[in-house]
Amino acid sequence: MIEIGHILAFAALAASIVQAVFGLRGERQLAGRAAVFAFVALAISFLTMIQAFVASDFSLALATKHSNTLKPLIYKISGVWGNHEGSMALWCLVTLGFGGAAAGLMRSERTKFEARALGVQGLLGIGALAYLLFASSPYLRMVPAPFQGAGLNPLLQDPALSFHPPLLYLGYVGYSFVFSLAAAGMMEGRIDREWAKMARGWSLAAFVPLSIGIALGSYWAYYELGWGGWWFWDPVENASLMPWLIGAALLHSMIVTEKRESFAAWTALLAVLAFLFSILGAFLVRSGVLTSVHAFAVDPTRGAVLLFGLVIYGGFALGLFALRAHKLTGGKPYQWISREGAMLTNNIVLMVAALTVLLGTLFPLMAEAFGRTISVGEPYFNLTFTPMLAALLLFLPVVQAWAWGKADVAGWLKWAGAGAVLIAVFAGLGVGVWDISLGAAFGLALAVWLIGGAVWEFTRRAKTFARVFKMPMRVWGMTLAHIGLGVFVLGAVVQTSAKYETTLALPIGGEGEAAGWHFTLDEVKAIEGPNWYADRAVLTATKGGTKTQLAPMKRFYPAARMPTTETAIYKTGTGDLYTALGELRNVEGEARYVFRIYFNPLIDMVYFGVLLIALGAGFSMWPRRKAAS
Amino acid sequence: MRARTRRIWTFGVAAVLLIAAAGLAFVALRENANLFYTPEVLAENGMPEIGKQVKVGGYVEPNTLAYADGGATMTFSVIDNSPHTIDVAFTGIAPDLFREGQGVVAIGSFGEDGVFVAKQLLAKHDENYQPRELEPLETAAE
C-alpha cells in the first residue's frame, strides 16, 4: 500500500511541474486540471499513510517511530501528522489542496491571471513535495518490521492536539494561495478591485482556521501543561502569532484596495509577507533552533533546507515586488482622517507589533550567536506588544464610523470624548471602589468600549430595527469580530489581573484552603488506561453550598517512558477552578501530595473571543448579494 | 503634488512609529532579557539586582532537597563544575523529571538573603528535550 502512496506522491510532483509550467505560460485549463490531479494523487497517498498507522503496519518506519497498537484510534490517525515527516506531508497536502480548490472555484474572466496564480502555486507545491520526497520522506520501509511501535509523544495524545496541526496548517499554508495570487497580480501589474475581491475570500479562508488553530493550541497548553496560563510567549506561540497579525492587517488593507483601489502595493506586500512569515514559523519551530515540544527535527540539515526555501520564495516574491511596485499605484488619494487613513494606521500598528514579536523571538538566537545565553519573556512583550495593541484597539470604535474619502471631524471628536469619559469612570471606579490596578481598570474600560462600540456601529449602519436582518453578512462579520476582540480583552484582562494561585501539600484525608474553596484530599489511587497508568487524586472542594469533586492525574506512558500532567477543572460559572497534581513529598515523616491550585476568572472569554473573531471572519466570506435592482 | 506629499507624510509617520517602537523594544529587551547564571558565572560576575528577573541553572546537588511551608515549598542547591552553589526556593509542583543530580533551570529573582526565589522550574523533559541553557554544561561534563 505505502509503495502506491510513494508512487502517487511522485505523480503529484510531476503534476505540480505540469501545473507550474502551463500555469506560468497562461494556460488556465491545463494548469487547473494538473492542480486537481496533483491534489487527488497526494490525498490518496496521504490516505495510504493513515491506513498504515491505523492498521499498525510497523514495516513503515514512520509508524514504528510514532505509533503503537495500544493507542486509541484517534491518536493513531493524528500520529500521522504528530511528527516531522508526516507534518510536512500535511503541509504538501494543504498546498496542493488550495491549488486544487482554486482551480475548481476561480471563475473570473481573467483566465491568464488565474493560470499564473495556479502556476505560482504549482511552484510552491514543487518545493514542498521535493522537500518531502528527498529530504524527509515519510514513506521509508523498515525491514524486518518490529512487533510494536514507540508511540506518539504523550503530550500530543489529546483531542485538542489532534485537530490543532491540521487547522494551523490550513491557516499557514492557506496563505500560500494568497501569495500566489499576489505574485500573479504583480506579474501582470494589476492589483486592483477585481484582484482584491478574489484574494479576500482566500485570505479569509486562511485566517479562520489559523485563528481557531492558535486558540486550540493555547487551550491545550492551558490544561495540559499544568501551568495555569493560556499564553507563555513561547517562541512557538510567537511563530503562529506573527502570520496572524499580518493576516489581520492584510484583511483590512484588502478592503481599501477593493473599495478604493488604493494601497495596492502595500496589500501585495502584506499578502506575500503573510506566507513568508508562515514559512519562517515553520523554520523556527521545526528546525530545532528552538527547543519545544514542536521541535521534531533535531537534524540541522532540514532546518537549512527550510531556510533555503524561505530565501528562495522570499527572494522571488520580494524581487517581483521591487520590480513591479511602481506600477501598482493609482486608486483614489486618501486623507488621514478617513476610513482608509484609519485602515492604514491599523496596518502600520499591526506590522510594528508583529516586528516586536519577531525581535523578541529572534533576540535570544542572535545573542546566542555572540556567546550569551539569555531569554526573552513576558515582561518584554508586556512593555512593547501589549501597549501597542491596546492603543490600536482604543481607536477602533472611533474610527470605524469614519467615512471613505474624508471623515467628519466634529463627529469623531464626540466619540473620542465619550471614550475619554468611559476610561475616566473606569479608572476612578477601579482604583477607588474595586481596588484593582490602573492597568486592569483601563483594560476593562477598553473591553466595554470595544463591545459597545461594535454594537453601536452596527445599529448606526442598520438605522432601523427592520433593517437589522437585511444587513450584509460582511457587516455582521465585522461586528462579530470586533465584539470578539472586546470579549477577548475582557477575558485576558480579568484572568491576568485577578487570577489566584497557590500550592497545597496534603496527606490523604488532609484539608486546606485555596481561592476561597475548602479542599479535602479523599484518596490517591493507581489506575490504568489503554496505553498509560496513572496516580489519580480525588479532591472534594466546597464553597458555601457548592460541593464538587476534582480528579487531577499524573500519567505515565510506558511506550515513550514519559510522564504527563492531567489537570482537573471545575467551571464555576465565573471562571475555572483548576487543579494539578504534583509529586509525593516526604514532609516531617508524613507522605504528602502536592497540588497546584488556580482560580482563573473569565478565562473562557479568552477562547470565546477568538472564536467570535473567527466566526466573524467566516461570515465575511459569505458571497455578496447581487446588487438590488 | 498632493498625493506625493501625502505619501511622504505616510512614510514619515510610519518611520517615526517604527523608530519609537524599535527604541522601546530595545529598552525593554535590555531591561527584561533574562540573563542566565550558573554558580560559576554568579561567583565571577556578582549578584544581579535584587528582584530583577533572571534565570539560574545547573545540577540539583544530591541530598540538599528539603521542604518548607508544610511541604508546599521545596529548597535545594544548584551546582555546576565549579566549587560554587546557588540556593533555590520554589513553591509549587516540581517538573516531572526533576531529580537530585539532574539538570534544572529556574526563572525568578534573588532575595535579600541571597536565596534564589523561583517562579518556574524547567527540567529535562525527556531524552530529546532539555532546556537549551544546559547544553554547554552537559558538553563540559562530558
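Strand β2 (residues 54-60) of chain B pairs with strand β6 (residues 103-110) of chain B in the antiparallel sense over 6 bridges. Helices and strands here are DSSP runs numbered from the N terminus, H or I of at least four residues for helices and E of at least two for strands, and two strands pair if DSSP finds at least two bridges between them. The model is a predicted one, in which local features need pLDDT of at least 70 and side-chain atom pairs count only at pLDDT 80 or more, while totals for chains, interfaces and linings use all residues. Residues are numbered from 1 along each chain as its sequence is written, and chains are lettered from A and ligands numbered from 1 in the order in which they are written.

In general, strands of a sheet pair through backbone hydrogen bonds, either parallel or antiparallel. β2(B) is mostly covered, with 7 of its 7 residues buried. A residue is buried if 20 or more other C-beta atoms lie within 10 Å of its own, exposed if 12 or fewer, and partly exposed in between, with C-beta atoms placed from the backbone.

Chain B as a whole has 3 helices and 7 strands, and from the N terminus on its elements run α-β-α-β-β-β-β-β-β-α. Of its 142 residues, 33% are buried. Two residues are in contact if their C-beta atoms, placed from the backbone, lie within 7 Å. Among contacts in chain B between residues at least 6 apart in sequence, 52% join residues at least 24 apart.

Strand β1 of chain B (residues 33-37) also leads across to the other chain: it pairs with β1(A) in the antiparallel sense over 3 bridges. Ser375(A) stands opposite Asn34(B) in β1(B). Over the interface, 34 residues of chain A are in contact with 34 residues of chain B. On the side of chain A that touches chain B, at least two residues each come from α12 (339-369), β1 (374-376), α13 (378-383), β2 (500-506), β8 (562-566), β10 (575-587) and β11 (590-601) of chain A. α12(A) gives the most to this side, with 6 residues. The residues of this side of chain A divide into 21 nonpolar, 9 polar and 4 charged, where Ala, Val, Leu, Ile, Met, Phe, Trp, Tyr, Cys and Pro count as nonpolar, Asp, Glu, Lys and Arg as charged, and the others, Gly among them, as polar.

β10(A) is joined to β11(A) by 11 bridges. Asp576(A) has Asn600(A) as its bridge partner in β11(A), and Thr579(A) stands opposite Ile597(A). β10(A) and β11(A) form a hairpin with 2 residues between them, and Glu588(A) in the turn has a positive phi of about 50°. Because 9 of the 12 residues of β11(A) are buried, this strand is largely enclosed by the rest of the structure.

The largest nonpolar core has 183 residues, and Leu42(A), Val178(A) and Ala271(A) have the most contacts inside it. Helix α8 (residues 193-224) of chain A gives the most to this core, with 18 residues. A nonpolar core is a set of buried Ala, Val, Leu, Ile, Met, Phe, Trp, Tyr and Cys residues joined through C-beta atoms within 7 Å. Not counting residues up to four places away in sequence, Val178(A) touches Ala199(A), Trp202(A), Ser203(A), Ala206(A), Ala271(A), Ala274(A) and Phe275(A).
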